[in-house]
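Visitor: I am new to this structure. Could you show me how to read it, feature by feature?

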Amino acid sequence: MYYEVLPARIFRKSPALSDGILTYSYFSELEPGTIVAIPLGKRETIGVVYRKVKEPEFKTRDISRPLLEKPLPQYLLKSILWLSAYYL
């Protein structure tokens, strides 16, 4: 399964929110808002699952692991997206 993930660490300065969303794969179902550990460059960082997507035409990296069992509430996920678009 494939997911778009919002990394907690800024890796590319851009005004477009879509420039900060990365696609990862994971072997089981994850809910939007799930906090996960993801590889970003040579480091591992925290990210939030944004949504499930179709298999992309490019190679993806795997989500390392979910960090919390319960996903963030939908209103917090929307707030994260708004803050990201407003301040970046």
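Visitor: Where does phenylalanine 27 lie?
Guide: Bear in mind that this model is predicted. Phenylalanine 27 sits in the loop between β2 and β3, the latter spanning 35-40.

Visitor: Is phenylalanine 27 buried or exposed?
Guide: Exposed means over 50% relative accessible area. Phenylalanine 27 has 70%, so it counts as exposed.

Visitor: Which residue forms an aromatic pair with phenylalanine 27?
Guide: Start with the general idea. Two aromatic rings are described by the distance of their centres and the angle of their planes. The structure holds 1 aromatic pair. Tyrosine 26 and phenylalanine 27 form it, at 4.4 Å centre to centre and with 35° between the planes. The pair is described as tilted.

Visitor: Is tyrosine 26 buried or exposed?
Guide: Buried means under 20% relative accessible area. Tyrosine 26 has 11%, so it counts as buried. Phenylalanine 27, in contrast, is exposed.

Visitor: What separates the C-alpha atoms of phenylalanine 27 and isoleucine 63?
Guide: The separation is 8.9 Å, while along the chain the two residues are 36 residues apart.

Visitor: Now the wider view. How many helices and strands are in the protein chain?
Guide: The protein chain has 1 helix and 6 strands. Read from the N terminus, the order is β-β-β-β-β-β-α.

Visitor: In what order do the strands form the sheet?
Guide: The general idea comes first. Strands of a sheet pair through backbone hydrogen bonds, either parallel or antiparallel. Here the 6 strands form an open sheet in the order β5-β2-β1-β4-β3-β6, with mixed pairing. Its edge strands are β5 and β6 (65-66), each pairing on one side only.

Visitor: How many bridges join β1 to β2?
Guide: There are 4 bridges between β1 (residues 2-7) and β2, and these strands run antiparallel. Tyrosine 3 has tyrosine 24 of β2 as its bridge partner. Glutamate 4 stands opposite threonine 23 in β2.

Visitor: In which sense do β2 and β5 pair?
Guide: They pair in the parallel sense, over 2 bridges, with β5 covering residues 61-62. Tyrosine 24 has arginine 61 as its bridge partner in β5.

Visitor: Which residues of β2 point one way, and which the other?
Guide: In a regular strand the side chains alternate between the two faces of the sheet. In β2 (residues 22-25), Leu22 and Tyr24 point one way, and Thr23 and Ser25 point the other way. All of these are buried.

Visitor: What share of the residues in the protein chain is buried?
Guide: Of the 88 residues, 34% are buried. The protein chain exposes about 6,200 Å², and carbon and sulfur atoms supply 55% of that.

Visitor: Which residues make the nonpolar surface patch of about 530 Å²?
Guide: Trp82, Leu83, Tyr86 and Tyr87 make it. Take tyrosine 86, placed in helix α1 (residues 74-87). Its relative accessible area is 55%, so tyrosine 86 is exposed.

Visitor: One last item. Among contacts between residues at least 6 apart in sequence, what share joins residues at least 24 apart?
Guide: In the protein chain, that share is 64%.

Note on methods. Residues numbered from 1 in each chain as written. Predicted model: local features only at pLDDT ≥ 70, side-chain atom pairs only at ≥ 80, totals over all residues. Heavy atoms only, no water. Buried < 20%, exposed > 50% of the residue type's maximum accessible area, 1.4 Å probe, protein only. Pairing = 2+ DSSP bridges. Contact = heavy atoms within 4.5 Å. Areas by Shrake-Rupley, 256 points an atom, 1.4 Å probe, with all protein chains shown as cover. Phe/Tyr/Trp six-rings, centres within 6.5 Å; stacked < 30°, edge-to-face > 60°. Patch = residues over 30% accessible without salt bridge, like charges linked within 9 Å, V, L, I, M, F, W, Y side chains within 5 Å. Salt bridge = Lys/Arg side-chain N within 4 Å of Asp/Glu carboxyl O.
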